[in-house]
Amino acid sequence: MDAVANALESYRGRDRLVRTVCYSSRLLGGLLLAQEGGCPELGRRLLLIAQELSNCRATLRLFDDLSMFLYSRGYGLGGTEEDMIVRLLFITGNLVDQLYYPCEHLAWAADYKILSINAEKWWTLSNTLWTLSLALGALRSFRVVQLLKKKLKGSQNNVHLRMGEANCVSRQAYQTRMRAEILNIITCLADLTNAIHWMPPGFLWAGKFPEWLVGLMGTVSSVISLYQMSCGSCSTKDP
């Protein structure tokens, strides 16, 4: 309970918890509607909850532009990044993410009749940017995993006894980072399946997922994100 309370104290933690509830509601609601002799009324109510939570998250993201800009500015051109490919993927991903927010804001404003523009066009554009961001994130993590494998292989070849303890610490750090990157790949790919589902009809499997499958993919990525957040908070927690 303390972990949940601590997560709710931060915006990112609260958003990830709301996201998990949103997609798990969609998963359960979709299953109830898909089953014969189930509880269709309860399923519809769960889907309504999921939709309202999704709208809530979109509204809260109206204030994310500045934090995204500060993050991108902090990374800059990735001067501390060792690998050029990882650097380019990071920079491109940051640019795509920065463009995503104003597009989504315009779509949100059109939905609520604040602006007289085509909401569908802006939702499609924002979803396209999200799809691209997820693909770049998965590619970036895959590249990092490949680089870490090379470093692990190099550390195995280190047979100098005086470097044994330091080598062991480095290997543990590499393995921890590799696990985190693998989880990020799974998260990006799970969200990517949903992002493609929400693309215009005719693009791959766009529009072909049942509600429960959308909920399942979103729940998988949300639970992994919660796990990564808890691991990150544990690692930075005061002793």
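User: Does the word buried or the word exposed describe both Asp191 and Arg19?

Analyst: Both Asp191 and Arg19 are buried, a label given to residues under 20% relative accessible area, with exposed meaning over 50% and partly exposed lying in between, for a 1.4 Å probe and protein chains only. This is a predicted model in which local features need pLDDT of at least 70 and side-chain atom pairs count only at pLDDT 80 or more, whereas totals for chains, interfaces and linings use all residues. Residues are numbered from 1 along each chain as its sequence is written, and side-chain values use heavy atoms, with hydrogens and water left out.

User: What makes the meeting of Asp191 and Arg19 a salt bridge?

Analyst: The N to O distance between the side chains of Asp191 and Arg19 is 2.9 Å, and the rule asks for a side-chain nitrogen of Lys or Arg within 4 Å of a carboxyl oxygen of Asp or Glu, so the pair qualifies. Asp191 belongs to helix H7 and Arg19 to helix H2 (residues 11–34), so this bridge ties together parts that are 172 residues apart in sequence. By this rule the structure has 10 salt bridges.

User: How do you know that Arg61 and Glu104 tie together separate parts of the chain?

Analyst: The closest N and O atoms of Arg61 and Glu104 are 2.5 Å apart, and the two residues form a salt bridge. Arg61 sits in the loop between H3 and helix H4 (65–75), while Glu104 sits in helix H5, so the pair joins parts that are 43 residues apart in sequence. Arg61 is buried, and Glu104 is buried as well.

User: What separates Glu41 from Arg44 along the helix, and how accessible are Glu41 and Arg44, given their place in H3?

Analyst: Glu41 and Arg44 are 3 residues apart in helix H3 (residues 40–60), which means that about one helical turn separates them. Their side chains meet in a salt bridge at 3.1 Å, N to O. Glu41 has a relative accessibility of 42% and therefore counts as partly exposed, and Arg44, at 45%, also counts as partly exposed. Glu41 and Arg44 are linked with Arg45 in a network of salt bridges.

User: Why is Ser222 called buried?

Analyst: Ser222 has a relative accessibility of 1%, and therefore it counts as buried. Ser222 is found in helix H8 (residues 211–235), and its side chain reaches the backbone oxygen of Gly218 at 2.7 Å. Leaving aside neighbours within four places in sequence, Ser222 is in contact (heavy atoms within 4.5 Å) with Arg19, Thr20 and Tyr23.

User: Which residues make up the largest nonpolar core, and what makes a set of residues a core?

Analyst: A nonpolar core is a set of buried Ala, Val, Leu, Ile, Met, Phe, Trp, Tyr and Cys residues joined through side-chain atoms within 4.5 Å. The largest one here has 9 residues, namely Tyr75, Val86, Phe90, Val144, Val145, Leu148, Leu152, Met178 and Ile185. Helix H5 (84–111), helix H6 (119–156) and helix H7 (164–197) each give two or more residues to this core, and H6 gives the most, with 4 residues. A second, separate core has 8 residues, among them Met68, Val96, Tyr100 and Leu136. In soluble globular proteins, nonpolar side chains tend to be buried together.

User: Why is the pair of Trp205 and Phe209 called stacked, and what is the pair of Trp108 and Tyr112 called?

Analyst: Rings of Phe, Tyr and Trp (its six-membered ring) pair if their centres lie within 6.5 Å, with planes under 30 degrees apart counted as stacked, over 60 as edge-to-face and the rest as tilted. The ring centres of Trp205 and Phe209 are 6.2 Å apart and their planes stand at 5°, so that pair is stacked. Trp108 and Tyr112 form a tilted pair, at 5.1 Å centre to centre and with 50° between the planes. Trp205, with a relative accessible area of 30%, is partly exposed, whereas Phe209 is buried at 19%. Trp108 counts as buried at 18% relative accessibility, and Tyr112 counts as partly exposed at 46%. The structure holds 5 aromatic pairs.

User: How many helices and strands does the protein chain have, and what part of its residues counts as buried?

Analyst: The protein chain has 8 helices and 0 strands, where helices (H or I, at least four residues) and strands (E, at least two) are DSSP runs numbered from the N terminus. Of its 239 residues, 36% count as buried. Among contacts between residues at least 6 apart in sequence, 64% join residues at least 24 apart.

Technical notes: A polar contact is a pair of N or O atoms within 3.5 Å; within protein, one must be able to donate a hydrogen and the other to accept it, and residues adjacent in sequence count only if both atoms are side-chain atoms.
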